[in-house]
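Dear colleague,

I am handing over the structure we spoke about, with the sequence alongside it. Please read the notes below with the coordinates open.

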Amino acid sequence: MFSSLFSTAPPADPHAPNFHPVSSKFSPTELFGELKPKDTELLCTSSGFITETQVFYTTTPDGKSIWCQLIHSSVGLWYPTIQFTCKIYDPETQKSTWKSINVSNFTCPPTGLDRRSCKADEFSFTHKSKPDSDYPESYIIQANPAPDLQIFLEVTRPASASGWKIGSGDDGGYSKFGPDASNPEGYVIHRFWPLMKSSGHIVVNGKATPVEGQGMFVHAIQGMRPNLVAASWNFGNFQSPELGGVSAIQMEFTTIGAYGVKGAGSGGVAVNIGSLVVGGKLVAVTAETKYPGETSDENAPVKCRVTHLKPALDADTGYQKPCELLFEWAGPSLIVDKPGTYSASLNVDVGDIQQPKGLIEKVDVLAEIPKVLKLAVNYVAGTKPYIYMWINPAKLTITEPESDVPVEVNGHIYNEATFIS
């Protein structure tokens with residue numbers, strides 16, 4: 001893989017596809033791929049350009065957002081950099097606690113555990129299995145990233161909300177870059193727990209606060225230099241305790257111009273994957289590919305898309321920031337006694353430039369990441385990545401199979417819009 005990043009040899013056919021999206025690999029009835037234990041094992045590789053993350057997102061009923069993240073970055077010939085990042089945001093007080101540190105004495109796996117667990121001096125993720133129970137998997141998250149912050153959370157996945165990737169088997173989940181999908185230049189993969197229960201506490205500046213909520217977990221790997229993967233990303237994570245637990249998530253990336261279905265210069269392909277949980281059960285897994293210049297099919301049997309509405313130029317970043325976003329899902333039911341299609345939609349108002357709504361932070365990525373990774377990301381002149389982070393109250397509209405009467409669910413959506421180039 002390392003040598004391929006510097007190769008200048010063109011493919012035999014310069015107009016042959018050099019991007020193979022996971023969202024187009026599988027039929028509508030094959031989108032759900034159940035996670036196996038090895039799918040959430042950490043690679044922690046030390047060769048090539050590979051960035052691996054695990055993120056646990058928790059939302060409380062009153063809209064507090066808590067997330068904890070491991071970032072394992074291998075950048076060419078340098079020794080890997082391992083970071084722990086976390087963010088706690090209270091929309092009522094509008095106070096944000098943000099920590100991002102390089103950890104020491106990182107170990108994976110810890111003694112007596114498998115590669116789903118890891119630890120360092122500053123944090124630990126400890127995976128536990130209870131097969132055939134109502135909650136077959138859990139993690140204990142412990143972190144002391146700074147003297148003024150301690151975190152203890154137990155997150156558990158209900159058996160009724162299976163972990164998933166797009167498509168089954170070893171090839172499930174992978175979007176691949178390069179003309180030869182069997183020997184790719186790089187890849188992207190995401191694996192999810194769409195719903196988890198969270199409980200524990202956080203201590204900020206000596207004040208302890210109990211945490212009870214729900215959320216999601218994602219294990220993601222980018223197997224190539226970050227600035228080559230995508231020009232932009234979108235992420236949506238809606239959670240509600242209503243109806244016994246509702247979750248609607250999406251992850252989308254849009255390729256740079258170099259990677260597309262007609263070779264170099266035909267990029268701008270959007271890959272969007274997601275899922276719906278209703279009543280505590282995973283009811284649909286969705287995926288959609290949008291090619292440059294293509295008009296979305298409003299009657300498509302499978303839908304998974306996010307649309308930026310009312311864009312406005314943000315002078316701080318130089319990007320067209322959306323003032324509203326529309327998230328949409330539709331896919332075949334995974335519930336045996338409810339055949340048909342589940343669909344859902346959500347519109348979130350994030351405000352304009354002068355009066356933002358629910359804006360947690362605008363993150364200047366190059367100011368936060370390690371120096372060696374910064375050099376890799378900024379390899380292409382003009383790359384200036386920014387992440388907008390929001391959390392807002394929201395209403396998800398769900399239509400169940402064979403029903404014309406939509407159900408509205410109140411909750412909160414944490415969402416991100418990332419601009420890279």
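This is a predicted model: local features need pLDDT of at least 70, side-chain atom pairs count only at pLDDT 80 or more; totals for chains, interfaces and linings use all residues.

The mean pLDDT of the protein is 92, and 93% of its residues reach 70 or more.

Turning to charged side chains, a search of the whole structure finds 21 salt bridges. One of them joins Arg116 to Glu137, with the closest N and O atoms 3.7 Å apart. Because Arg116 sits in the loop between β6 (95–102) and β7 (118–119) while Glu137 belongs to strand β9 (residues 137–146), this pair ties together parts that are 21 residues apart in sequence. Arg116 and Glu137 are both buried.

A second pair, Asp316 and Lys362, meets at 2.8 Å, N to O. It links distant parts of the chain, since Asp316 lies in the loop between β20 (312–314) and β21 (319–321) and Lys362 in strand β24 (residues 359–364), 46 residues apart. As for accessibility, Asp316 is exposed, with a relative accessible area of 56%, whereas Lys362, at 28%, counts as partly exposed.

A further salt bridge is formed by Arg305 and Glu298, whose closest N and O atoms are 3.4 Å apart. With a relative accessible area of 7%, Arg305 falls under the 20% cut-off and is therefore buried. Arg305 and Glu298 also belong to a network of salt bridges that links them with Glu288, Lys303 and Glu328.

The last item is strand β12 (residues 174–177), which is covered on both faces: Tyr174 and Lys176 on one side, and Ser175 and Phe177 on the other, are all buried. Which strands pair with β12, and in what sense? Strand β1 (residues 19–20) pairs with β12 in the antiparallel sense over two bridges, and within that pairing Phe19 has Phe177 as its bridge partner. Strand β13 (residues 186–204) also runs antiparallel to β12, joined to it by four bridges, and here Tyr174 stands opposite Ile189.

Conventions. Residues are numbered from 1 along each chain as its sequence is written. Side-chain values use heavy atoms; hydrogens and water are left out. A salt bridge is a side-chain nitrogen of Lys or Arg within 4 Å of a carboxyl oxygen of Asp or Glu. Buried means under 20% relative accessible area, exposed over 50%, partly exposed in between (1.4 Å probe, protein chains only). pLDDT is the predictor's confidence in each residue, from 0 to 100. Two strands pair if DSSP finds at least two bridges between them.
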